[in-house]
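Reader: Please take me through the terms used for this model, one at a time.
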Amino acid sequence: MSTAPETVLVAREGAVATITLNRPDKLNALNLALVQELLRVLMELDRDPSVWCAILTGAGDKAFVAGADIAAMSTMSPTEALNFAHHGHSLGAKLESAHFPVIAAVSGFALGGGCELALACDFIYASDKAKLGQPEVNLGVIPGFGGTQRLARRVGIARARELCFTGDMIDAAEALRIGLVNAVFPHAEVLAKAKETAAKIASKGPLAIFECKRVIARGADVSLPVACELEAQAFSVLFGSADQREGMKAFLEKRKATFEGK
């Protein structure tokens, strides 16, 4: 009796979790089952205090996520489409609220829901063969997993309008130029580079990293004085942690700190 392959794979290297979307025959296209499974995996990892950083990538070398599964979407009713969108937004919110940073390692296509998924990660590393975009208008719909909003916040309203209105794909070099991705690497190296950065992040104080993530995200939606007060509060709270005491003691003793996330 055959069993269906796992659609989301998780590998651990110390405090770093690599999450791989595993539908390579469909270019890792997002259907409801895959979205639900990825959300379940993220919730499980978020309950694990030993995870200090994560990487999200796609199986195969052709796509991160080529988009939503159009065959599955084509017969949706408005109610079903709303349910699908709500699941997508829950997934984006979980990526943003997880206690660990998430790096998107994008090889090949990151279109539609794939681009939206990458945008919900903390930052994006792309291969030099990557293609990104929000082509939903070519199908008579709009981005439904947060693309209109996160893209505008990432690259500015005018560029987001241009990409969403035209449905054009852009290459990695253009994505880097407009600030959609943080860095571009040779195709065969992008995952290794993401792992290198994830390991560096995971060597820092994990409570401090989480507070950085939380304050940057929350501060983006409030006034500067309110955001600065959020920062001050988070800064002061960390002085009650063992990690703060260890980090400063290690600095004064000229040694590498050993953080425990406490």
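Reader: Which residue in S7 is the bridge partner of Val-106?

Author: Ala-126 is that partner. A caution first: the model is predicted, local features need pLDDT of at least 70, side-chain atom pairs count only at pLDDT 80 or more, and totals for chains, interfaces and linings use all residues. Numbering starts from 1 along each chain as its sequence is written, and side-chain values use heavy atoms, without hydrogens and water.

Reader: What makes S5 and S7 a pair?

Author: Two strands pair if DSSP finds at least two bridges between them. S5 (residues 102-106) and S7 share four, in the parallel sense. So they pair.

Reader: How many bridges join S7 to S10?

Author: Three, and these strands also run parallel. Tyr-125 stands opposite Ala-183 in S10.

Reader: Why is S7 called largely enclosed?

Author: Buried means under 20% relative accessible area (1.4 Å probe, protein chains only). Five of the five residues of S7 (residues 123-127) are buried, so the rest of the structure largely encloses this strand. On one side lie Phe-123, Tyr-125 and Ser-127; on the other, Ile-124 and Ala-126.

Reader: Why are H5 and H6 called oblique?

Author: Their axes, lines fitted to C-alpha atoms over the stretch in contact, cross at roughly 135°. Under 35 degrees is roughly parallel, over 145 roughly antiparallel, 65 to 115 roughly perpendicular, and the rest oblique. H5 and H6 are therefore oblique to each other.

Reader: Which residues of H5 meet H6?

Author: Thr-148, Leu-151, Ala-152 and Val-155, with contact meaning heavy atoms within 4.5 Å.

Note on methods:
Axes fitted to C-alpha atoms, helices over the stretch in contact; angles between N-to-C directions. Helix = DSSP H or I, 4+ residues; strand = E, 2+ residues; numbered from the N terminus. Buried < 20%, exposed > 50% of the residue type's maximum accessible area, 1.4 Å probe, protein only.
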